[in-house]
Amino acid sequence: MRVDVPIGHPDFGKAIPCECKLKEIEESRLSDLRRISNLGLLSRMTFDSFVAEGYGLNPEMQRNLRKAYELAKEFAENPKGWLILFGGYGCGKTHLAAAIADHRLSQGKPALFVVVPDLLDHLRAAFSPTSEVPYDERFEEVRTAPLLILDDLGTQSSTPWAQEKLYQILNYRYNAQLPTVITTNRELEEIDARLRSRMADPALCSIYTILAPDFRGSGADRAGSELSSLSLHGDKTFENFDLRTHELDVEERENLRRAFAIAKEFAEKPQGWLVFTGEYGCGKTHLAAAIANCRVERGYPALFIFVPDLLDHLRATFSPASLVSYDRRFEEVRTAPLLILDGLGTQSATPWAREKLYQIFDYRYNARLPTVITTEETIEEIDPGLRARILDLSICTPYAILAPSYQGGRIKKRKGRRVKK
């Protein structure tokens with residue numbers, strides 16, 4: 001149809017779709033958006049089905065998860081700016097993002113939900129001669145979607161083409177200030193610098209980190225992790241720690257008493273790093289396990305693991321039979337709310353092992369994540385990369401336990417020199 005307008009009007013002589021045709025076009029567009037979003041597979045993820053208090057969480061995590069739920073609901077009612085949800089695997093961020101899309105679609109409003117690797121696959125498929133939708137049209141649908149929800153940013157293959165496409169999409173939406181939701185388990189510092197600069201703009205973006213552990217784990221898993229060997233040290237508590245007052249000399253007794261006090265203080269409020277050095281059997285593993293047991297008893301997650309076992313777990317993910325990907329396992333360790341690494345220095349010192357440990361330590365150092373390390377090595381013997389972080393006393397408390405090995409009430413005489421703090 002043509003609109004009755006005077007000569008010179010921008011619409012003079014133009015064919016304009018009628019109201020019925022416009023409705024048909026819009027319905028077709030909404031149907032297409034639903035199809036490529038795959039939201040049907042996540043239709044169970046609604047606000048009604050989201051457990052805002054989680055399962056077995058401590059009060060701090062309950063408040064944090066409830067706040068995330070409220071932010072998502074508020075955004076779904078009035079999408080403005082960008083909402084960026086950070087968090088580990090299974091913390092609920094995808095559920096909340098899908099719930100936002102479901103809420104908008106249930107109100108007849110367009111919303112495009114797509115997992116980032118799937119989005120890139122859709123764009124690549126558009127180059128195929130058999131594709132029903134040309135690339136330009138598909139790209140424009142995504143770039144200009146009234147509400148775009150990108151799930152799992154950072155899990156895509158980081159090829160130059162993928163980085164360029166994501167930048168083009170997000171840069172356009174940033175400049176146009178189009179409502180956008182992003183979920184990721186990566187830290188902001190790990191994301192491509194061009195995307196990071198837009199995601200970090202407080203004038204447009206609201207960033208929220210979900211602290212809850214994996215919803216899909218059992219109660220035991222939420223208290224720690226299937227990686228954790230804490231169950232083997234369940235008997236190691238502060239209450240049954242032996243200060244060995246009748247065995248040690250004055251200096252050693254005072255030194256061990258101080259180590260005990262430092263560990264208890266850390267368990268009350270884990271901040272920064274705590275590193276216990278000392279010979280085998282001096283009590284450092286007992287204190288580290290007591291910290292973990294204390295936190296878990298109070299409902300907080302703690303990952304306690306023997307360093308060689310940690311590296312074995314990471315290597316095992318490369319097996320075709322592994323049920324867990326390497327990325328997921330590695331991320332679980334380096335982002336653990338409280339990580340306790342027992343026996344540093346007992347692992348095989350291969351270049352691969354050193355690199356993995358350095359990546360874990362470097363990330364946790366920069367993120368200021370609570371970490372406890374035990375080692376038989378002196379500070380001088382520790383790998384230089386880690387040693388530099390341990391010697392940063394604004395973050396780390398290194399403490400050398402002077403007590404010799406405890407063996408059923410008998411003292412094993414130490415060999416060599418003492419390790420001083």
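Colleague: Which residues of helix α4 are buried?

Modeller: In this predicted model, helix α4 spans residues 116–125, and Val116, Leu119, Leu120 and Leu123 are buried there.

Colleague: And how do they sit around the axis of α4?

Modeller: Looking down the axis, the buried residues of α4 fall within an arc of 95°, so they line one face of the helix.

Colleague: Nice. What covers the buried residues of α4?

Modeller: The cover includes two strands, β2 (112–115) and β3 (148–151). Helices α5 (135–143) and α6 (160–176) are also part of it.

Colleague: Switching to rings: how many aromatic pairs are there in the whole structure?

Modeller: A search turns up twelve aromatic pairs. One of them joins Phe241 and Phe260, with ring centres 5.7 Å apart and planes at 20°. That angle is under the 30 degrees used as the limit, so the pair counts as stacked.

Colleague: Where in the chain do Phe241 and Phe260 come from?

Modeller: Phe241 is in the loop between α8 (219–223) and α9 (250–268), while Phe260 belongs to helix α9. They are 19 residues apart, and the pair links distant parts of the chain.

Colleague: Are Phe241 and Phe260 buried or exposed?

Modeller: Both Phe241 and Phe260 are buried. Phe318 and Tyr326 make another stacked pair, at 5.2 Å centre to centre and 20° between the planes.

Colleague: Which residues do ring pairs link into a cluster?

Modeller: That would be Phe47, Phe50 and Tyr69.

Colleague: Okay, charges now. Which ring does the charged end of Arg334 sit over?

Modeller: It sits over the ring of Tyr363, 4.3 Å from the ring centre. There is also Arg389, which lies over the face of Tyr365 at 5.3 Å from the centre of that ring.

Colleague: Last topic, cysteines. How many disulfides does the structure hold?

Modeller: Zero disulfides.

Colleague: And Cys205 and Cys396, buried or exposed?

Modeller: Cys205 has a relative accessible area of 8%, so it is buried. Cys396 is at 1% relative accessibility and therefore counts as buried too. The limit for buried is under 20%.

Conventions. Residues numbered from 1 in each chain as written. Predicted model: local features only at pLDDT ≥ 70, side-chain atom pairs only at ≥ 80, totals over all residues. Heavy atoms only, no water. Disulfide = S-S within 2.5 Å. Buried < 20%, exposed > 50% of the residue type's maximum accessible area, 1.4 Å probe, protein only. Phe/Tyr/Trp six-rings, centres within 6.5 Å; stacked < 30°, edge-to-face > 60°. Helix = DSSP H or I, 4+ residues; strand = E, 2+ residues; numbered from the N terminus. Lys NZ or Arg CZ within 6 Å of the ring centre and 35° of its normal. Arc of directions from axis to C-beta. Contact = heavy atoms within 4.5 Å.
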